[in-house]
Amino acid sequence: MQKKWWMTTNIYQIYLRSFNDSNNDGIGDLLGVAEKLSYLKSIGIETIWISPHYDSPMDDNGYDVRDFYSVSSDYGDIKSFKQLIEKARELDMKVLVDLVLNHTSDEHEWFKIAKDPTHPLHHKYHDYYIWQKGKRDADGLMIRPTRWISWFGGPTWDYNEATDEYYLHIFSKKMPDLNWRNEDMKNDMKKIIKYWIDLGIDGFRVDAANHLEKNWDFPDGLPGYENFSSLPKHHEYIKELALELFEPYNLLTLGESGGATKEEVRKYVGFNSHEFNLLIHFGHCWADTGYTEPAITGKWSKTELRVTDIKKSYDHQYQVVGNEGFNLIYWHNHDQPRVVSHYGNTEKYWEKSAKMLAMTLYFMPGTAIVYQGEEIGMTNVLYDDISDFRDVEVFTEYNNMLNNGATKEKALQAIVDRSRDNARTPMQWNSSINGGFSKAEPWIKTNYNYKTINVENQEYDENSILNTYRFILKHRIADAKNIVFGKIEFINIDDNESYCYINKGKDKDYLLIANFRDYEIEISLKDVSLRGFEYFYGDRVSLKETMNLKPYEAILYRRNKA
Ligand code: NOJ
């Protein structure tokens, strides 16, 4: 395998709006990120990925782009963007930006022209998007072309009176989908990509990559996801971009694609298939979802945690990718709840479980992404009023739950547990007002616990969650040849309480054993050769064939190869 810089880098995901507000207007910004780069470097981060920084009406916090060529005034301007890049260069850090290819904002110039038949360029831009005429129902009333459901819960089609057509949007109605079969649109997108490359970025996280192609027969279906997800032609679009832009400019690309089949995973990240470098997959993200009641479905329905599902998902990913590509490890991003609330514990075992989660994940092979605030154990937010939420998805989904018969209490509880806003509250830097994020009232309420959970409180405590991350992230780089490039073998993969593996490296092996439960468990290692392993990190317990692990305990052993 040819080694690349991005294999051993530690990536940190920044949700711009909530990271650090340098001009005290209540919204995080690019200079705020620049101010904190040395902090990130000090904890072992070498690459940052920032969420969309483009001009946007912010229906979906920037994933609805109004102008790809300018920076949102919420976040700064092109000058502050360049300053961020410069600061990163000084610190020898890399910068990845989000690339939204599937849709624009409905306020984007292209869409404004596309929906206006009187505009002289209408004909050209109309075809940049996806349009269909309405259908007639049995009573002759006009209905949507299909019953497809958007990822945010409502219908995928909205009506445009001026053309008497419906436009497709698989996310919010303010995010019309682009037509990737249109060569002019594709070429315009390539120019946009080149523009940011020329400004010095090191790569892209490619948003919603598997949705670029649609089923142009528009068959009816409910919810109809198969008509706008993972259709074979989207690989062609990605490959074209990779061959013309991503690869010639030596960029790192992280492609977002949920539910990819084995063949698809290999296409995305296979060294010889020229698409992405790393795949953002979601198999491990909802290991506590299942049926609870009819009105609360999908990710909103919370069940007992299945530790086995997390292990199996990663195991599957490692096996599928094999030596043909490289793996990515992360706990969660801005679209899932906080990991310590989700898979750990927020009460008595908050600190212990956060450290256990860090140890469990970051001694596994692959490139790692840490999500902002994860390194201090930030928790879900526990708002008690629906009006505190900001995410566009929340409101449709909350109403869907009520309309389907859920009580207000149950619907609110589902939102509280699973909303994306959990991961989007302001970063907690210190115990001053708004956790030091901003002197002005933040765009979304700060988590009530910022006085106890913050960076400053943990900075000088050598046993803090923050210093655990610091140790692990730095060690990942220092011993990359054994950890990052290791080969993992899960132990007792069917066990639903523990998480154990050996990561076999070139000259060292790491043995990790962890308890994912809030009670003591017994782990049998009788089928594992324990010879040579010595205590290395975590709770100090000597290694035996049968281990008794206290709640959320994690221990790492290491051995030199003969
Ligand atoms: C995936 C992003 O992670 C999510 O936050 C966004 O809402 C959708 N794509 C639409 O762009």
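This is a predicted model: local features need pLDDT of at least 70, side-chain atom pairs count only at pLDDT 80 or more; totals for chains, interfaces and linings use all residues.
Residues are numbered from 1 along each chain as its sequence is written. Local features need pLDDT of at least 70, side-chain atom pairs count only at pLDDT 80 or more, totals for chains, interfaces and linings use all residues, and side-chain values use heavy atoms, with hydrogens and water left out.

Start at the ligand. For D335, a polar side-chain atom is 2.5 Å from a ligand oxygen atom. For R205, the distance from a polar side-chain atom to a ligand oxygen atom is 2.9 Å. In R420, a side-chain N or O atom lies 3.0 Å from an oxygen atom of the ligand. On its own the ligand has 300 Å² of accessible area, of which the protein covers 97%; such areas come from the Shrake-Rupley method with a 1.4 Å probe.

Next come two helices. Helices (H or I, at least four residues) and strands (E, at least two) are DSSP runs, numbered from the N terminus. Two packed helices are described by the angle and the distance between their axes. Helix α8 spans residues 262-269 and helix α9 spans residues 307-321; their axes come within 9 Å and cross at roughly 65 degrees. An axis here is a line fitted to C-alpha atoms over the stretch in contact, and angles run from 0 to 180 degrees between N-to-C directions. On the α8 side, K262, V265, R266 and V269 make the contact (heavy atoms within 4.5 Å). On the α9 side, H316, Q317, Q319, V320 and V321 take part.

H274, in the loop between α8 and β13 (278-280), has a positive phi near 55 degrees although H274 is not a glycine. P223 sits in the loop between β11 (203-207) and α7 (233-246). The peptide bond that joins L222 to P223 is cis, with omega about 5 degrees.

Last, which residues does N463 touch? Leaving out residues up to four places away in sequence, N463 touches E351, K355 and T468. N463 and K355 are 108 residues apart in sequence, yet 9.6 Å apart in space, C-alpha to C-alpha. N463 itself lies in the loop between α14 (455-459) and α15 (465-478).

Definitions and conventions. A polar contact is a pair of N or O atoms within 3.5 Å; within protein, one must be able to donate a hydrogen and the other to accept it, and residues adjacent in sequence count only if both atoms are side-chain atoms.
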